[in-house]
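The following paragraphs lead the reader through the structure shown here, one part after another. Please keep the sequence and the model in view while reading.

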Amino acid sequence: MKTILECKNLSKRYGRTQALSGINLSLKSGRIIGLLGPNGSGKTTLIKLINGLLTPTEGEILIDGTAPGVRSKSIVSYLPERTYLDESMRIAEAIDYFGDFYRDFDRNKALKMLKKVNLDPSLRIKTLSKGNKEKVQLILVMSRRAKLYCLDEPIAGVDPAARDYILSTIINNYEPDATILLSTHLISDVENILDEVVFIQNGHIRMQEEVETIRDKEGKSVDDLFREVFKC
Amino acid sequence: MPWNLDSSRPIYTQLVERIQLDILAGKYQPGARLPSVRDLASEAGVNPNTMQKALAELERENLVHSARTSGRFITEDTAMIEKMREELATAQIREFFEKMQQMGFSSQKTIVLIEKMMKEGKA
């Protein structure tokens, strides 16, 4: 499989705070990858760098061979930690908005998915519950035919039933040759859908490993291993 | 509702065991078509690549075969299914007798107990 994301000696500093220090990371196509780390470890910084919302202090980042820019944005579908949608919009307007912005957006797919969860497109986003807002955003993001999906904490703060829905939506809707990079600290909820995990701590990559290898070699769940590695 | 899986053991082996059991128990009939990898993965709440690997293993065991474009089918070899079912039952019984042995029940005593329970309608 080819490489979809490559970080070479990637560093990011905010003033005197070193958020990422010389990261080397290579991710392949066709995989679901967990980006796991404690709060403040650099997960969101890395995802923002991938999406061109931040620029590296040092090193470089390549998405399907090119630096973040117009081309990379056309192939990366990003679910941010906090919504960037204008909440006074109706769901249908948000769909139009995505349709205008992204050539790979599949409007029918989005409408079908909304119907399945009984969300009326004429509803205004601000009237939705937290779980439903999260669902709408995920539906928008997963309705693109992207090569790399970056989902920043997609299941934080929603109830277990909504979590199951979100995870099965991820499984059912990504293109088989696309990669999903999913950041979370709710490891036990997601570990069964992952191919691979990247552990990040204090801006360094601690480990990159296949999840089945962890279970096989360590006889531990990823959640247990995480607790061990990041013990306070 | 995702399948009940133990995250500290390789998921792939557990998927093989689970689908094997579903086939032997008749949840999937001989010759029937299996759901797609993605549907099965979604039902189980696991990664599609892991499900793919589990199905490949079942193919290797000849419990499942794939027809180029139309998906995967359960074997029609009912004799083989019956044989595997018996093997599974035998293993369970052996394990049960071992446990009873640990509690100090000989095989004979265990059987007497089983018969008594059956007569009383408790088993």
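In this predicted model, helix H8 (residues 211-218) of chain A lies across strand E8 (196-201) and E9 of chain A, and the helix runs at about 85 degrees to E9(A). These two strands belong to an open sheet of six strands in chain A, whose order is E5-E6-E7-E3-E8-E9 and whose pairing is mixed. At its edges stand strand E5 (76-79) and strand E9 (204-210) of chain A, each of which pairs on one side only. On average, neighbouring strands of this sheet are turned by 15 degrees against each other, direction ignored.

Strand E1 (residues 3-14) of chain A runs antiparallel to E4(A), and five bridges join the two; Leu5(A), for instance, has Ile63(A) in E4(A) as its bridge partner.

Ile61(A) is found in strand E4 (residues 58-63) of chain A. Is Ile61(A) buried or exposed? Because 23 other C-beta atoms lie within 10 Å, Ile61(A) is buried, the cut-off for a buried residue being 20 or more. Leaving aside residues up to four places away in sequence, Ile61(A) touches Cys7(A), Leu10(A), Leu49(A), Ile50(A), Pro56(A), Ala67(A) and Pro68(A). Cys7(A) is 54 residues apart from Ile61(A) along the chain, yet their C-alpha atoms are separated by 4.5 Å.

The account now turns to chain B, which is divided into domain 1 (11-74) and domain 2 (78-119). Taken over C-alpha atoms, the centres of these two domains of chain B are separated by 28 Å. Helix H3 of chain B has 13 residues, which at 1.5 Å a residue should span 18 Å; its end C-alpha atoms are 18 Å apart, so the two values agree. Buried in H3(B) are Pro48(B), Asn49(B), Thr50(B), Met51(B), Ala54(B), Leu55(B) and Leu58(B). Their cover includes helix H6 (160-173) of chain A, together with H1, H2, strand E1 (64-67) and strand E2 (71-74) of chain B. Just after H3(B), Asn62(B) takes a positive phi of about 65 degrees. E1(B) and E2(B) are joined by a hairpin through three residues, and they pair in the antiparallel sense over four bridges.

The contact takes 21 residues from chain A and 16 residues from chain B. On the side of chain B that touches chain A, helix H1 (11-24), helix H2 (37-44) and helix H3 (48-60) of chain B are the elements that give two or more residues. The largest share, three residues, comes from H2(B). By type, the residues on this side of chain B comprise eight nonpolar, six polar and two charged.

Definitions and conventions
Residues numbered from 1 in each chain as written. Chains lettered and ligands numbered in written order. Predicted model: local features only at pLDDT ≥ 70, side-chain atom pairs only at ≥ 80, totals over all residues. Contact = placed C-beta atoms within 7 Å. Nonpolar A, V, L, I, M, F, W, Y, C, P; charged D, E, K, R; others polar. Pairing = 2+ DSSP bridges. Axes fitted to C-alpha atoms, helices over the stretch in contact; angles between N-to-C directions. Expected span 1.5 Å × (residues − 1). Buried ≥ 20, exposed ≤ 12 C-beta atoms within 10 Å, placed from the backbone. Domains from an automatic or database assignment.
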